[in-house]
Amino acid sequence: MACKREYHLSSRLKRILQIIKDFRRIVTAREVVAKAGLTPIGISQSLNALKDRGYIQLLGGEGGDKRWRIIKK
């Protein structure tokens with residue numbers, strides 16, 4: 001039986017994850033950038049890191065219009 005790997009989240013990733021949770025709906029990368037006050041490149045890297053760790057899912061879109069949702073509480 002495979003065991004799920006738990007990842008340590010940096011304070012930046014925790015903050016971005018909380019921002020997404022606070023929206024309580026599917027969000028775009030552009031909305032996360034506006035709320036977090038960080039650069040689009042930094043947010044993109046962070047969103048992909050959260051996706052790779054299984055916390056969020058990419059639903060589609062391009063650039064700032066990529067849509068994301070929480071999959072792990």
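Helix 1 is followed by Arg24, whose phi is positive, near 55°. Helices here are DSSP runs of H or I with at least four residues, strands are E runs of at least two, and both are numbered from the N terminus. The model is predicted: local features need pLDDT of at least 70, side-chain atom pairs count only at pLDDT 80 or more, and totals for chains, interfaces and linings use all residues. Residue numbers start from 1 along each chain as its sequence is written, and side-chain values use heavy atoms, with hydrogens and water left out.

Helix 1 has 13 residues, which at 1.5 Å a residue should span 18 Å. The expected span is 1.5 Å times one less than the number of residues. The end C-alpha atoms of helix 1 are 19 Å apart, in agreement with that value. Its buried residues (under 20% relative accessible area, with a 1.4 Å probe and protein chains only; exposed is over 50%, partly exposed in between) are Leu13, Ile16, Leu17, Ile19 and Ile20. They cover an arc of only 155° around the axis, which puts them on the same side of helix 1. The arc is that of the directions from the helix axis to the C-beta atoms. These buried residues pack against strand 1, helix 2, helix 3, strand 2 and strand 3. Contact means heavy atoms within 4.5 Å.

Phe23 also belongs to helix 1. Phe23 is partly exposed, with a relative accessible area of 23%. Beyond its neighbours within four places in sequence, Phe23 is in contact with Glu31 and Lys35. The C-alpha atoms of Phe23 and Lys35 are separated by 10.0 Å, and the two residues lie twelve apart along the chain.

Helix 2 buries Ala29, Val32, Val33 and Ala36. Seen down the helix axis, these residues fall within an arc of 100°, so they line one face of helix 2. Their packing partners are helix 1, strand 1, helix 3 and strand 3. The face turned away from the buried side carries the exposed residues Ala34 and Lys35. Just after helix 2, Gly37 takes a positive phi of about 70°.

Helix 3 contains Ser46. Ser46 is buried, with a relative accessible area of 5%. Not counting residues up to four places away in sequence, Ser46 touches Arg12, Leu13 and Ile16.

The three strands form an open sheet in the order 1-3-2, with antiparallel pairing. Two strands pair if DSSP finds at least two bridges between them. Strand 1 (27-28) and strand 2 (56-60) are the edge strands, and each pairs on one side only. Strand 1 and strand 3 are antiparallel and pair over two bridges. Within strand 3, Arg67 stands opposite Thr28. Four bridges join strand 2 to strand 3 (residues 67-70), also in the antiparallel sense. Gly60 has Arg67 as its bridge partner in strand 3, and Ile56 stands opposite Ile70. The hairpin of strand 2 and strand 3 has six residues between the strands. In this hairpin, Gly61 takes a positive phi near 100°.

Helix 1 (residues 11-23) lies across strand 1, strand 2 and strand 3. Helix 1 runs at about 90° to strand 3. Axes are lines fitted to C-alpha atoms, for helices over the stretch in contact, and angles run from 0 to 180 degrees between N-to-C directions. Strand 3 has two faces: Trp68 and Ile70 are on the covered one, Arg67 and Arg69 on the uncovered one.

The largest nonpolar core has 19 residues. A nonpolar core is a set of buried Ala, Val, Leu, Ile, Met, Phe, Trp, Tyr and Cys residues joined through side-chain atoms within 4.5 Å. Ile20, Leu47, Leu50 and Ile56 have the most contacts inside this core. The elements giving two or more residues to the core are helix 1, helix 2 (29-36), helix 3 (40-52) and strand 3. Helix 1 supplies the largest share, five residues. Leaving aside neighbours within four places in sequence, Ile56 is in contact with Leu17, Ile20, Leu47, Leu50, Lys51, Trp68, Arg69, Ile70 and Ile71.
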